[in-house]
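Dear colleague,

Please find the structure below.

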Amino acid sequence: MDHDKIEQAVKLFLEGIGEDTAREGLRDTPKRIAQMCEELFGGYQMDAAGHLSRVFHSDTGDMVVEKDITFYSVCEHHLLPFFGKVHIGYIPDGRVVGLSKLARTVETYARRAQIQEQLTSQIADALMKYLSPRGVMVMVEAEHMCMSMRGIKKPGAKTAVYAVRGVFEQDKTLQQMFMSLL
């Protein structure tokens, strides 16, 4: 990440809204924002393959569900946060992954300028590609600050997006089972 560019941009932004960047409270703000960007947009330096490569043999073909994985992301349209929960279900095909790796996969894609629909698909596609399960279902529920604090101003409204892959695509019973576990 280019901290100098971020600091220059923040300074220009503050000047653009009429602020005095020499004011005590704002003097270090460009530097703080640049440091914050390391964390908020750190997903660009992450690779889901690394998280999902550590697998364990398993004879089970039963559904594995990890729910309520909290995430925070930034909307690429307004650069405002959206946040919520990710729920993941998959049917192993001889291999399972450590549960923390599912949360790390979520972080890989959430820590980027993003839209919820793309985030949901990226998680599902990564699991299919690197874990090779029989199927995956991902649900992402989120509140978008671009809808809560500006525009329509409807705080508390949540958006749900689903992605289904593999056996989940054809089997509505599996989809219903996943939803009932949530």
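A contact here means heavy atoms within 4.5 Å. By that criterion, residues 24 or more positions apart account for 70% of the contacts in the chain with a separation of 6 or more.

Please note that this is a predicted model, in which local features need pLDDT of at least 70 and side-chain atom pairs count only at pLDDT 80 or more, while totals for chains, interfaces and linings use all residues. Residues are numbered from 1 along each chain as its sequence is written, and side-chain values use heavy atoms, with hydrogens and water left out.

Overall description

The secondary structure comes to eight helices and seven strands; these are DSSP runs numbered from the N terminus, with helices being H or I of at least four residues and strands being E of at least two. Along its principal axes, the C-alpha trace spans about 65 × 35 × 20 Å. Of the 182 residues in the chain, 40% are buried, where buried means under 20% relative accessible area, exposed over 50%, and partly exposed in between (1.4 Å probe, protein chains only).

Helix α1

Helix α1 covers residues 3-16. Its 14 residues reach 20 Å from the first C-alpha to the last, close to the 20 Å expected at 1.5 Å a residue; the expected span is 1.5 Å times one less than the number of residues. I6, V10 and L14 are its buried residues. Seen down the axis of α1, they fall within an arc of 70° and so line one face of the helix, the arc being that of the directions from the helix axis to the C-beta atoms. What covers these buried residues includes α2 (29-40). On the other side of α1, D4, K5, Q8, L12 and G16 are exposed. Just after α1, G18 takes a positive phi of about 95°.

Nonpolar cores

A nonpolar core is a set of buried Ala, Val, Leu, Ile, Met, Phe, Trp, Tyr and Cys residues joined through side-chain atoms within 4.5 Å. The largest has 28 residues, of which F71, V86, I88, I123, L127 and V138 touch the most other members. Elements that give two or more residues to this core include β2 (64-75), β3 (81-91) and β6 (135-144). Its largest share, six residues, comes from α5. Not counting residues up to four places away in sequence, F71 touches residues including F82, V86, V106, L119 and V140. A second, separate core of eight residues includes L14, L26, C37 and F41.

Yours sincerely
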